[in-house]
Amino acid sequence: MSFHPKMEYAPARFHKSARTLPDPGGDFTYTAENQAKFDANVQRYPPDQRKSAILYALYLAQRQQGFLTRAAMAHVAGQIRCTTADVEDVVSYYTMFYTKPVGTYVLNVCRTLSCALLGAERVTEAISEKLGIKVGETDASGMFTLIEVECLGACDRAPVVMVNDDWEERLAPEQVGEFIDHVRAKGRAAFTGCHLHKEK
Amino acid sequence: MAYEPVLTKHCAARDGYTLDFYVKNQRGYEGLRKALALQPNDIIEQVKASGLRGRGGAGFPTGMKWQFVLKDTPKPKYICCNADESEPGTFKDHVLMERNPHLLIEGCAISCYAIGAKVAYIYIRGEFYHVQEVLEAEIEKAYKAGFLGRNILGSGFDCDVFVHRGAGAYEAGEETALIESLEGKRAQPRIKPPFPAVAGLYQCPTAVNNVETLCNVPLIVLNGPEWFASLGPEKNGGPKLFCISGHVKRPGVYETSMHTTLRELVFGEQFAGGMIDERPFKAIIPGGSSVPLLLEQDLDTPASFDHIQKAGSLLGSAGLIVMNDSVCAVWLAMNLLHFYRHESCGKCTPCREGTDWLFKLLLRLESGDGQPKDLDLLFGVSTNIVGKTLCAFGDAAATPVLSTMKLFRGEYEAHVREGRCTLPAPWRAAHPVVAAHQ
Ligand SMILES: Cc1cc2nc3c(=O)[nH]c(=O)nc-3n(C[C@H](O)[C@H](O)[C@H](O)COP(=O)(O)O)c2cc1C
Ligand code: SF4
Ligand code: FES
């Protein structure tokens, strides 16, 4: 997470931290399948430590509806038996939870050193131009969201892009246009995936 | 001396990750069988004798860490395997978990037996979902084969191994922050003492160990501490994985002993194979982004914890980031400070605010608006972070600035003098996005 969302030098700005509550959203309850998954996962922890399952519970909710609304967080709070404030505290810390709608494919471009040395900045630039969006935005079709992330732990395959839970490795800036077209046409099948995974 | 890999020997084999392959070709779970016939304390003694040092960054002796784990207590004990692997330039645990998962599973089981724990949690970073799927499937197989679960191999010892998925936070790699995150809270470190060995996960005695560290445990039990120690220089024994990335021909994970010099790792034919396009070498970060840079003249240093420390840097997580002469020192510091500013957990002021100010100053220099006083300011802010924070993150964050300013002060001065970046690299964007708005 970042404590410094986008601040100019002018110190007056520092005092005006706007706190916006996430979208309340409609009614939310787990599907029967997700409920069963949660009930199984919570068994991994001692009975008085249900809170340990909170990240898992949030992932389930996020996968079910694409992003986390306040209703979803309230549901998770009920499952964990903690307060909604506890849930919001966790959600707002970790970068992999979304509190706003995102595209079908979230393009997480790694921008840290090793990837940057091999052109990650140009990958972001190329995606941005191709889709006509800035970092943090979703394109008009609702298919792609562009995000910059920090080191993904695969620096030997730079530049790396994580797309939802899948990976695209060694994406040269020149290949970005073609890559986006492939994803549009073929969906998940377009990703090269983690090379270690594929070698099997 | 030719080095025979032991951790990653079969990583390229197609089915090298399966239980059958592991049992057939790597004497799989023999170490566990042997361990269960010993007293737990004997295993700790063996690990101590081997001199195994933690592979997560600090290089702390593992046997000693285990010995500190409180014994006389009615509370349960825990092993937490640190698979957060978020240090920029590091990707070794990724390979081990995906291509040799049973070595880690066996390591977890033996370590649990040694410290008297019954549960090991593998805390894996959220981005490694594809790794987690492999790991969980293989853990399932280990349960079915009787290597995990109740009464393992008829010894009466019970052990569970669970994978816990993080959700995107570098700081979750710090051991007490990892514990907090496992407990379902924000990944922010605790004040020490008490150390995890006394009050860790759920306030119970806990040992936090890196993936590579735990993978070495079955090898020590199987082949003996003397064998392990003999693989490397004194106090730096055992196999070591080196992650090489950046401007080299063949980036990747290479296993060798800590006798190998940095020069061999970067230029050796069996390793990274030299610089891309034969461009001149400029600098190397030998241990993940948190350690000082080394130059050409330091390359003949053996890549061991102690030798690299003597050369003025640290082996850290053994993530070697190699840079050629197209890299601007100010840009380098700015790139890394963007990382630290984003990842600071926010618990202490010098780190939370200091990283932001450092980044802003570097951005100002890099975009040409730097002023002469900025250099002193950078130095002042950095030295006011070092040693004044709760966890080692603060020192790590100041390091790229202090190290580049020491080695390449001329470049900083040139930025101020010329009012622009003096080394605009071809791999940079025309209009880079800086300070992302997330
Ligand atoms: C900011 C910070 C981040 C860290 N990240 C990791 C990490 O991603 N993986 C890891 O194994 N250790 C990491 N560590 C080191 C751990 O705190 C701890 O020393 C290590 O897990 C201990 O295991 P070891 O003794 O086997 O090395 C980090 C430390 C700090 C201060
Ligand atoms: S040094 Fe930084 S990362 Fe560590 S506890 Fe303090 S604020 Fe958090
Ligand atoms: S720097 Fe991009 S994956 Fe590590």
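Me: In which loop of chain A is Arg170(A) found?

Reply: The model is predicted: local features need pLDDT of at least 70, side-chain atom pairs count only at pLDDT 80 or more, and totals for chains, interfaces and linings use all residues. Residues are numbered from 1 along each chain as its sequence is written, chains are lettered from A and ligands numbered from 1 in the order in which they are written, and side-chain values use heavy atoms, with hydrogens and water left out. Helices (H or I, at least four residues) and strands (E, at least two) are DSSP runs numbered from the N terminus. On this basis, Arg170(A) occupies the loop between β4 (166-168) and α7 (176-186) of chain A.

Me: Is Arg170(A) buried, partly exposed or exposed?

Reply: Phi of Arg170(A) is positive, near 50°, although the residue is not glycine. Buried means under 20% relative accessible area and exposed over 50%, with partly exposed in between (1.4 Å probe, protein chains only). Because the relative accessible area of Arg170(A) is 41%, the residue is partly exposed.

Me: What is the omega of the peptide bond from Ala158(A) to Pro159(A)?

Reply: Most peptide bonds are trans. Pro159(A), in the loop between β2 (144-149) and β3 (161-163) of chain A, is joined to Ala158(A) by a cis bond, with omega near -10°.

Me: How much of the area of ligand 1 does the protein bury?

Reply: Polar contacts here are pairs of N or O atoms within 3.5 Å; within protein, one must be able to donate a hydrogen and the other to accept it, and residues adjacent in sequence count only if both atoms are side-chain atoms. A polar side-chain atom of Lys65(B) lies 2.8 Å from an oxygen atom of ligand 1, and a polar backbone atom of Glu85(B) is 3.2 Å from an oxygen atom of the ligand. Accessible areas come from the Shrake-Rupley method with a 1.4 Å probe; for residues, only the protein chains shown count as cover. Taken alone, ligand 1 exposes 610 Å², of which the protein buries 90%.

Me: Which strand of chain B gives the most to the shell around ligand 1?

Reply: The shell holds 19 residues, including Gly56(B) and Asn82(B), each with a heavy atom within 4 Å. With three residues from positions 206-210 of chain B, the strand that gives the most is β4.

Me: What distance separates the centres of domain 1 and domain 3 of chain B?

Reply: Domain bounds come from an automatic or database domain assignment, with domain 1 at 19-230 and domain 3 at 329-437. In contact (heavy atoms within 4.5 Å) are 12 residues of domain 1 and nine of domain 3. Taken over C-alpha atoms, the separation of their centres is 36 Å.
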